[in-house]
Amino acid sequence: MADWNRTYDANFKYDVAARPGGDQIKVCFSCGTCTAGCPVTDVDERFSPRRIIRQVLLGQRAAVLSSELLWYCERCYACTAFCPQNVKFGDIMGALREMAVDEGYWPPEFIQRIRGVDRLAHSIRLDLVRAALGSDADAGSASIETAAPIIEEKIKGTSV
Ligand code: SF4
Ligand code: SF4
């Protein structure tokens with residue numbers, strides 16, 4: 001079985017740059033500000049926009065396009081807000097996902113499915129915020145559990 005981390009394609013960065021929103025990837029100087037401000041990295045350090053960009057620039061096509069990390073990004077654009085080079089990583093992620101589907105690494109329906117997951121996650125976040133706001137300060141964080149049945153029903157009723 002091929003070790004995709006050791007497989008390189010010199011055209012990968014040019015192919016990404018040719019996609020809408022991908023052209024800024026070449027000016028990344030790997031400062032890591034994007035990773036420092038990413039809410040996904042905050043909960044799972046395996047996800048790093050800086051590292052993904054390095055992999056693209058190095059030509060690790062198969063390693064990037066086959067990785068499940070490709071679907072971790074929320075496309076919130078917090079990284080873009082802080083990037084000194086105006087690299088729009090959310091757009092680059094969109095380009096990488098399209099390429100991953102076009103090149104057969106992931107099924108086409110996955111793009112829509114992840115949109116549904118994001119929507120559900122945002123809806124659940126609101127439930128948790130409302131539960132926190134409605135909680136008795138003396139009751140502590142356990143009171144957020146009042147949202148659990150609502151969230152459970154939403155998950156049961158979703159098609160993602
Ligand atoms: S913040 Fe911008 S320049 Fe710095 S590593 Fe991230 S994408 Fe590259
Ligand atoms: S767009 Fe993606 S990589 Fe950038 S901060 Fe949001 S979740 Fe992180």
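The questions and answers below go through a predicted model of one protein with its ligands.

Residues are numbered from 1 along each chain as its sequence is written, while chains are lettered from A and ligands numbered from 1 in the order in which they are written. As the model is predicted, local features need pLDDT of at least 70 and side-chain atom pairs count only at pLDDT 80 or more, whereas totals for chains, interfaces and linings use all residues.

Reader: How many helices and strands does the protein have?
Author: Helices (H or I, at least four residues) and strands (E, at least two) are DSSP runs, numbered from the N terminus. From that terminus on, the elements run α-α-α-α-α-α-α-α-α. The count is nine helices and zero strands.

Reader: What percentage of the residues of the protein count as buried?
Author: A residue is buried if 20 or more other C-beta atoms lie within 10 Å of its own, exposed if 12 or fewer, and partly exposed in between, with C-beta atoms placed from the backbone. The C-alpha atoms fill a box of roughly 60 × 35 × 30 Å along the principal axes. Of the 160 residues, the buried share is 22%.

Reader: What distance separates the centres of domain 1 and domain 2?
Author: The division is into domain 1 (4-102) and domain 2 (109-156), with bounds from an automatic or database domain assignment. Four residues of domain 1 are in contact with four of domain 2, contact being C-beta atoms, placed from the backbone, within 7 Å. Taken over C-alpha atoms, the centres are separated by 28 Å.

Reader: Which helix supplies the largest share of the shell around ligand 1?
Author: A residue is near a molecule or strand if its C-beta atom, placed from the backbone, lies within 6 Å of it. The shell around ligand 1 has 15 residues, the closest being C28, C31, C34, C83 and V87. Both α2 (33-36) and α4 (49-58) supply at least two residues. The largest share, three residues, comes from α4.

Reader: Is C28 buried or exposed?
Author: C28 is found in the loop between α1 and α2. Leaving aside residues up to four places away in sequence, C28 touches I53, Q85 and V87. Because 20 other C-beta atoms lie within 10 Å, C28 is buried.

Reader: How do the residues of the shell around ligand 2 divide?
Author: Of the 13 residues around ligand 2, C38, C73, C76, A78 and C79 come nearest. Two or more residues are given by each of α3 (39-43), α6 (78-82) and α7 (89-102). Ala, Val, Leu, Ile, Met, Phe, Trp, Tyr, Cys and Pro count as nonpolar, Asp, Glu, Lys and Arg as charged, and the others, Gly among them, as polar. The division is 10 nonpolar, one polar and two charged.

Reader: Which residues of α4 are buried?
Author: Their cover includes α1, α2, α5, α6 and α7. Just after α4, G59 takes a positive phi of about 95°. The buried residues of α4 are P49, R50, I52, I53, Q55 and V56.

Reader: What phi does Y77 have?
Author: Most residues other than glycine have a negative phi. Y77 is found in the loop between α5 and α6 and counts as partly exposed because it has 14 C-beta neighbours inside 10 Å. Although Y77 is not a glycine, its phi is positive, at about 70°.

Key
Contact = placed C-beta atoms within 7 Å.
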